[in-house]
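This briefing covers salt bridges and disulfides. Please look over the sequence and the model before reading on.

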Amino acid sequence: MGARGQGRLTQFGPQKRISLVELTRAGVDTSVTEPKRKRALRRFRMLMCGLCAATGLSYPANAQTAQPLDQRFLLGVGTHQGLGGVTSARGYVPATAIKQMKELGVTAFRDDFPWSDFELPGKRLGFNALNGRLETQIRSGVGIPLLILGAGHHLVPNSDPPTTDEARQRFVTYAAAAAQAVAARQPVFELWNEYNLRARAEPQFTVENYVTLARLVQPAVKQAAPSAPFVVGALGDDPGWKWTDALLKTDLPRIADGMSIHIYNHCLPPAGRTAAEAIERLENFHQRVAQATGNPNYPIYLTETGWPTPTAKCGVNEQLSADNMAQIILWSSTAGPWLKGIWLYELKDSGTKPGELEDNFGIYHFDNSPKPAVCSIRESWAFIRTSLKAARTTPMPGVVQIRSDSGSETKVALWSENPSKRFEVRLKNAEPNAEISYVCQQAPGPAAGAWTALSTTPLLVSVKGTAVPDFEIRPSN
């Protein structure tokens with residue numbers, strides 16, 4: 001779906017070493033020869049990864065580092081400055097987009113860095129009038145740029161995708177020059193966009209061609225921008241995980257600094273158009289990557305997710321879109337170090353037709369007026385971004401509770417996972433220092449100890465000091 005989809009991310013360290021004591025406790029004979037010991041070690045790692053997957057817990061929330069969430073995780077939005085030339089038919093203007101991103105408080109953005117605009121006739125490489133809007137947004141410093149390296153070039157044969165030595169070398173030259181041009185801006189690079197979706201109808205989009213290109217591009221990008229993560233995948237919808245599993249069987253994870261995926265559910269039956277479904281699929285993807293790599297903390301980037309608001313049969317209403325985005329932001333605090341960032345698609349509507357799906361993914365309308373998602377993203381991120389550690393629980397079927405610790409206070413967010421199910425909740429013990437409100441509620445919050453409605457709009461509770469709030473919850477429909 002196009003390009004849809006401030007602390008600096010630390011670079012990814014080596015796998016944790018497993019000690020002889022741990023091997024012995026696991027029943028591994030440590031007196032065997034070195035080759036056998038290495039094979040046993042590999043089996044042990046895979047066993048542990050399998051146990052993680054079986055329990056659905058890859059990383060204990062209470063073992064997170066003492067870094068605030070916004071220093072170890074990027075919250076971004078998808079933008080379209082890199083497409084469309086000098087003037088954007090989608091209505092993207094750098095000054096407006098920069099202002100909107102500051103209003104949201106996001107720390108990153110994702111955009112296209114098209115080969116065909118960066119390499120002009122005569123093999124002239126660099127920023128120019130065609131990609132000037134993108135350059136302006138990058139150089140503003142409004143957030144960490146995650147830039148998509150692709151796609152084909154209209155002057156280069158066999159380039160969409162590159163399938164010949166000449167086309168691949170031309171792509172590598174472009175990628176290296178593009179990386180060097182923005183290296184000072186702490187970028188993240190992503191190879192292509194939803195390559196696997198093109199494979200459904202175009203036979204040249206094979207796993208082998210993608211991996212071959214990645215092997216050539218990675219060292220060139222790393223030489224130009226050594227500290228920039230090089231991310232692969234950008235996976236669109238992948239039924240049965242067939243494309244994903246094929247990639248994971250190659251050496252691609254070892255080549256890359258992480259894998260990226262796009263998750264949408266706006267065309268599922270209405271009950272499935274929720275943050276809960278998107279989170280479940282993301283966790284499933286994480287488990288597959290962890291099992292294949294033997295590393296439960298292998299970096300994953302959710303570079304596109306969102307809920308469009310058209311009048312067509314696919315989509316949700318503006319309030320549920322806002323609630324879903326708030327929920328996935330609040331949940332992100334519990335995911336652990338494997339999740340490096342989430343990019344919400346997209347910053348503004350790309351058109352004005354109410355029934356056109358692709359026109360209505362925006363957080364803002366086409367005329368830049370805010371949808372409810374603007375306030376929802378801003379407030380949920382402000383609530384959770386200082387979290388040092390957090391945990392997700394299910395106090396009652398259908399209810400999610402996120403409990404986070406920011407050092408000076410305890411914060412709790414609660415919501416119903418299903419738009420058709422409502423509950424009521426109240427604090428068991430009156431807490432004099434408790435602040436209670438709904439995301440984006442303008443009226444005063446409910447009084448402590450009073451029953452209050454619980455829907456898909458998260459309820460936020462903050463308690464100063466060491467007090468730990470506890471709740472009673474009951475169904476209301």
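**Salt bridges and disulfides**

The whole structure holds 21 salt bridges, a salt bridge being a side-chain nitrogen of Lys or Arg within 4 Å of a carboxyl oxygen of Asp or Glu. The model is predicted, so local features need pLDDT of at least 70 and side-chain atom pairs count only at pLDDT 80 or more, while totals for chains, interfaces and linings use all residues. Residues are numbered from 1 along each chain as its sequence is written, and side-chain values use heavy atoms, with hydrogens and water left out.

**Salt bridges**

- Glu190 pairs with Arg110 in a salt bridge whose closest N and O atoms are 2.7 Å apart.
- Because Glu190 is in strand S6 (residues 188–191) and Arg110 in strand S2 (residues 108–114), this pair ties together parts that are 80 residues apart in sequence; helices (H or I, at least four residues) and strands (E, at least two) are DSSP runs, numbered from the N terminus.
- Glu190 is buried at 1% relative accessible area, and Arg110 is buried at 0%; buried means under 20% relative accessible area, exposed over 50%, and partly exposed in between (1.4 Å probe, protein chains only).
- In helix H6 (residues 132–139), Arg139 and Glu135 lie four residues apart, about one turn of the helix, and they form a salt bridge with closest N and O atoms 3.1 Å apart.
- Arg139 is partly exposed at 35% relative accessibility, and Glu135 is partly exposed with a relative accessible area of 25%.
- Asp245 and Arg288 form a salt bridge, 2.7 Å from N to O.
- Asp245 belongs to helix H10 (residues 242–248) and Arg288 to helix H12 (residues 275–293), so their pairing ties together parts 43 residues apart in sequence.
- Asp245 is partly exposed at 22% relative accessibility, as is Arg288 at 27%.

**Disulfides**

- There are two disulfides, each a pair of cysteine sulfur atoms within 2.5 Å.
- Cys267 is joined to Cys314 with an S to S distance of 1.9 Å, and the torsion about their S-S bond is about 125°, so this disulfide is right-handed.
- Cys267 is partly exposed, with a relative accessible area of 45%, whereas Cys314 is buried at 13%.
- Cys375 is joined to Cys440 at 2.1 Å, S to S, and the torsion of about -120° makes this disulfide left-handed.
- Cys375 lies in helix H14 (residues 372–384) and Cys440 in the loop between strand S15 (434–438) and strand S16 (452–454), 65 residues apart.
- Counting bonded cysteines along the chain, the disulfides follow the pattern 1-2, 3-4.
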